[in-house]
Amino acid sequence: MDVKLAYGRTGLTVTLPDNIDIVAAPSLPGVANPAIALLEAIRQPIGSPPLADLVKPGDKVVIVHSDMTRPTPNDVIMPVLLAQLETAGVRREDITLLNGLGTHRAQTEAEMRVLLGDAVYDNYRCVQHDAFNDEVLVSLGTTSSGHPLRVNRLLVESDVRILTGFIEPHLFAGYSGGPKAVLPALCGQESVLTNHGREMIAHPKATWGICEGNPIWEEMRDAALKTDPTFILNVTLNEDKEITAVFAGDMLAAHEAGREFVRRQAMVGVDEPYDIVITTNSGFPLDQNLYQTVKGMKAAVGIVREGGHIIMVAACEDGIPDHGRYLELLMEAGSPQGFLDMLAQPGFSAQDQWQVQIQALIQLKAEVHVYSENLSDEQIRSALFTPCNDIAETVNRLVEEIGRGVAPGQVCRICAMPEGPQTIAYVR
């Protein structure tokens, strides 16, 4: 059977055994006219007056947008949103577009032009958040969890605060979008570290599809509310990164409507765990580096058996990457259990520890094989994974190995998750 997997910019078709199951959410068509859909949502928002009624001439407006590791179609959203603000009398010079990087690296000028489009980049003030620069941060005290909260000064001191983004299942925040545009996107590094801390990540409700009762999401919500967001504009996307729906208005009401829309589409149950799960990180831009692909691995771990195998298929154009502390922590730990032991040491705290913690827990359940044309076997091993140079050959070899221990009449159970973390898979 030929199966097309979301991989890089073009996808990857692999030939797999005919008895494989495909685990994926149903495909939705993109809206017929994205600009009209965006405009209608802005004019008829959820739980809020129209945006035009919330702004006036002279207002200082900040629009938060996601960075290049997210597929939010900023170049489609921004022209519509900016036109609405200018129609309401807001001057261009009073508008700032703020790239919500969290602790990710800053974008180059060329990347910003791709992200926003040349016309927007050339005609508006575009600023990138820096979680490590005290001068751009202002304290808002502590969160409801008692953690320090510092947020980008431009957002806090603006008159109108607009949060944009897209909503998808998230491996520990329940869903993306909504309040994530403030925490972690616009916070100081210490706020990100504590929100993504060991105990927060380990909480049983810090997982796909759960917001209420999830301490990570609830702290994100409370942090965002401290900034008094004026309006949000979130979209949902299909596997072709086309807009399928738009949710605008009050942060809580619009985000709740959006995540309910995603939940109905994304939840997919299976009858029993699989021996082998082939997964992706939903292709570009989500699979730009190995760090991000932990999301796709966690999408698979819920339906793989103890001692089973996960094959992660990701392009990793941006490498491991070479920024942050993800690889450094893995190499220092030397093994998944070694990292969990290191994490348990009193006072331990490091950027990117959350991703390594999740990876380690996955690897204690299943062996993870990584296929990537942009990573060497040495790089893959340095991140504690098993290299996979040929997906079909690896599957056939694993089937043979597993078959030696299978009782007569039983078969090796295999599935593919072509869209990875766009699907919330679970055992019924």
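Predicted model: local features only at pLDDT ≥ 70, side-chain atom pairs only at ≥ 80, totals over all residues.

Me: What makes V277 buried or exposed?

Reply: Buried means under 20% relative accessible area. V277 has a relative accessible area of 0%, and is therefore buried.

Me: Which residues does V277 touch, leaving out those up to four places away in sequence?

Reply: V277 touches A300, I303, V304, H309, I310, I311, C415 and M417. Contact here requires heavy atoms within 4.5 Å. As for G141, 136 residues away along the chain, its C-alpha atom and that of V277 are separated by 44 Å.

Me: T280 is also in strand 15. How do you know whether T280 is buried or exposed?

Reply: The cut-off for buried is under 20% relative accessible area. The value for T280 is 0%, so T280 is buried. Leaving aside neighbours within four places in sequence, T280 is in contact with residues including L5, A6, G296, M312, V313 and M417.

Me: What makes the approach of the T280 side chain to the backbone nitrogen of S282 a polar contact?

Reply: A polar contact needs a pair of N or O atoms within 3.5 Å, one able to donate a hydrogen and the other to accept it. The side chain of T280 reaches the backbone nitrogen of S282 at 3.1 Å. A polar atom of the T280 side chain also lies 3.0 Å from the backbone oxygen of P418. P418 is among the residues in contact with T280.

Me: Where else is a positive phi found in a residue other than glycine?

Reply: D228 has phi near 55°. D228 is found in the loop between helix 8 (215–226) and strand 12 (231–237).

Me: How do you know which kind of peptide bond joins F284 and P285?

Reply: Omega is about 5° for the bond joining F284 and P285, and this bond is cis. Most peptide bonds are trans. P285 is found in the loop between strand 15 (274–280) and helix 10 (294–301). The peptide bond from I320 to P321 is also cis, with omega near 15°. The place of P321 is in the loop between strand 16 (304–313) and helix 11 (326–333).

Me: Turning to the whole protein, why is it called as compact as a globular protein of its length?

Reply: The secondary structure comes to 15 helices and 20 strands. The radius of gyration is 22 Å, close to the 22 Å that the globule rule gives for 428 residues, so the protein is as compact as a globular protein of that length. The C-alpha trace spans about 75 × 50 × 40 Å along its principal axes.

Me: What share of the residues counts as buried, and what share of contacts joins residues 24 or more positions apart?

Reply: Of the 428 residues, 57% count as buried. Residues 24 or more positions apart account for 74% of the contacts with a separation of 6 or more.

Note on methods: Residues numbered from 1 in each chain as written. Heavy atoms only, no water. Helix = DSSP H or I, 4+ residues; strand = E, 2+ residues; numbered from the N terminus. Rg over C-alpha atoms; globule rule 2.2 N^0.38 Å. Buried < 20%, exposed > 50% of the residue type's maximum accessible area, 1.4 Å probe, protein only.
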